[in-house]
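Please examine how the two chains meet, and then turn to one residue within a single chain.

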Amino acid sequence: MAEQILTLDNIKFLLIGAGVSLLLAVGAMIMGLILGIIGATAKISKNKIANAISFVYVEVIRGTPMLLQILFLFLGFPNLYTLITGNYISPNPFIVGLIAMGINSGAYATELIRSGIQSVPKGQWEAGRSIGLNNSMTMRYIILPQAFKNILPPLVSEFIVLTKDSSLVSVIGAAELLRRARTLGATYYNYLIPLFCASLMYLVMTMTISYFARKLERRLKLSD
Amino acid sequence: MINIKNLHKKFDSLEVLKGIDMKINEGEIICVIGPSGSGKSTLVRCINGLEQINDGEIWIGDKEISHNKTDVDLLRAKTGFVFQNFNLFPHMTVLKNLTLGPTKVLKKKDDDAIKTAEKFLKTVGLIDKKDSYPSQLSGGQCQRVAIARALCMNPEIILFDEPTSALDPEMVNEVLAVIRDLATQGMTMVIVTHEMGFAKEVASKIIFIDDGVIVEQGSPNEIFENPKNQRTKDFISKII
Ligand SMILES: Nc1ncnc2c1ncn2[C@@H]1O[C@H](COP(=O)(O)OP(=O)(O)OP(=O)(O)O)[C@@H](O)[C@H]1O
Ligand SMILES: [Mg+2]
C-alpha cells in the first residue's frame, strides 16, 4: 500500500500543498504586520475614533472563530455582494483564504505590536524628538525596531500558528497541504499515510521557523 | 537669541512653573540650580518643546514658536538636548546614533553625516567606539556619545538636564571635561546641574529656581558669594 501511495508524483503533489500552506502563512503574516502596525498606531493615538475602530476590530476578530471568518468571507460576503449589486461572484478560495487569515492575524498583531511599542521607554521618544525627528520618523526609526525586537518570540509563535491554521482554508477548497492529503486519502482509500506525510511536512516547516527565529534572536541580542 | 516670557506649566492641577522670564544670549552659559522638584527639568524640557506650555511665549530670534507644531520641530532641530540617562538608541551603533538626525532631518548625504559624526566623536574622545553598541559602553562614554549626537545636529544651543547625575563618581569628570571644552569654544548652553563647583567655574550666569519661579539670578560670584535672597542663602549654605 505504502509504495502505491508514496510515488514521486504524489509526494510532489503534497510538497506543492506545503508550499501553498507556507505561502498562505507568509502572506497572512505580512498582511497581519501591516494591519498590526496600523491597528497599534490607531490604538495608542489620541484620536478617539481611531481608538474605537481598532478596539472593535481586535475584539471582533479575536472573539470569533477563524474558521467562521474564513467561511464568512467565502460564503457570506458573496451573498452581501449580490444583495447590493445584483451580480454574482465566485471568489477564489486561495485569495479569500489569504485575506481572511491576514485580517485575523492583524488583530493579534495589533495587540502584540501595541504592547511592544509601549514597552519602549518614553525617553526614546524624547530622544528622537530632541534630534528633530517628527512623530512618524521616531516611530519608524526608533520605536518600531525596538518594539519588534521585544515581541519577536510571540510574533514567531503567531507565524507558527498561521502555518498550522492555514489548514483551515482547506474547508473552502484551497489546494493547500491538508486538502491535498485528504484528496490522496480519498483516491487510495487510505488516509493514514497521506495524513502522516502531511504532519511530517507541517512539523518540518514549524521547526525550521523556530530554528531560524532562535538564530535571529541571538543575533539581535548583540545590541543588548 | 532665546527669549522666554511669562512661562507657565501645569501637570494637571499641579503648577510647576509659575511665570518664568528668561533671556539666553548667544555664547552664554547658564547654569540652573535649585532644590529637587523646583521645576528645573520642566523648564529645560519646555525650552526644547518636550513639554507643552500652558501659558507664556518662547521666542527664538524673532519667531514665536511655542504654539505651532511645525515650529516646534524647528525648535527641536535648533536646540540640542542631553538627558540625565543618555537615551541613546540601543539598537544602533554609536555612529548610527550620530548620523540618524543629520540624514533624516537635515537631509545630509550619508558620507557627509559620517564625516561630521567622526569629527565630533573625536571631540569627545570616542572615535574608536564608533561601531560599538551603547550597551557596550560605560555611563560616562554613553553621555559623551549623547553630547556628540546633539552636536551633530549643529545646534545653536544645547540644553543639559543633570548630565552627570546618573554617573558613577569616577565618570563625572570625563563628561564635565567635554562640556568645559564646548564652553571654551563658545557654545551656548543651559545646564541644569547639582555640580556647584562646575557651575561656578563655567557659568556666565547662574539661575536659582525654587518652587517654579526664578528666585535670583546673576554671575557665579553674586549667587555663590553674595546671595541676596534668603531662599538662595539657605540653599547655597546647605549644599556647600
Ligand atoms: N510628567 C509629569 N507629570 C506630573 N508631574 C510631573 C511630571 N514631571 C514633573 N512633574 C512634577 O513637577 C515638579 C517639578 O519637577 P522637575 O522634574 O521639573 O523638578 P527638578 O527641579 O528637575 O527636580 P530634580 O532636581 O529632582 O530633578 C515635581 O513636583 C514633579 O513631581
Ligand atoms: Mg530634574
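In this predicted model, the contact draws 20 residues from chain A and 24 residues from chain B. Together the two chains bury about 1900 Å² between them, and carbon and sulfur atoms account for 61% of that area. On the side of chain B, the residues that lose the most area to chain A are Arg76(B), Phe89(B) and His91(B), which together make up 26% of what that side buries.

Charged and polar pairs also join the chains. The rule finds one salt bridge across the interface of chain B and chain A. Its partners are Arg45(B) and Glu126(A), whose closest N and O atoms lie 2.6 Å apart. Between chain B and chain A, five residue pairs are in polar contact. Within chain B, helix 2 (69-78), strand 6 (79-82) and helix 3 (94-104) are the elements that each give two or more residues to the side touching chain A. That side of chain B consists of twelve nonpolar, seven polar and five charged residues.

The second topic is a residue of chain A. Phe74(A) belongs to helix 4 of chain A, which covers residues 66-85. Is this residue buried or exposed? Phe74(A) counts as buried because its relative accessibility is 16%, and the cut-off for a buried residue is under 20%. Apart from neighbours within four places in sequence, Phe74(A) is in contact with Pro91(A), Asn92(A), Pro93(A), Val96(A) and Ile172(A). Thr206(A) stands 132 residues from Phe74(A) in sequence, and the C-alpha atoms of the two residues are 27 Å apart in space.

Definitions and conventions: Residues are numbered from 1 along each chain as its sequence is written. Chains are lettered from A and ligands numbered from 1 in the order in which they are written. This is a predicted model: local features need pLDDT of at least 70, side-chain atom pairs count only at pLDDT 80 or more; totals for chains, interfaces and linings use all residues. Side-chain values use heavy atoms; hydrogens and water are left out. Contact means heavy atoms within 4.5 Å. Buried area is the accessible area (1.4 Å probe) that two parts lose on being put together, summed over both. A salt bridge is a side-chain nitrogen of Lys or Arg within 4 Å of a carboxyl oxygen of Asp or Glu. A polar contact is a pair of N or O atoms within 3.5 Å; within protein, one must be able to donate a hydrogen and the other to accept it, and residues adjacent in sequence count only if both atoms are side-chain atoms. Helices (H or I, at least four residues) and strands (E, at least two) are DSSP runs, numbered from the N terminus. Ala, Val, Leu, Ile, Met, Phe, Trp, Tyr, Cys and Pro count as nonpolar, Asp, Glu, Lys and Arg as charged, and the others, Gly among them, as polar. Buried means under 20% relative accessible area, exposed over 50%, partly exposed in between (1.4 Å probe, protein chains only).
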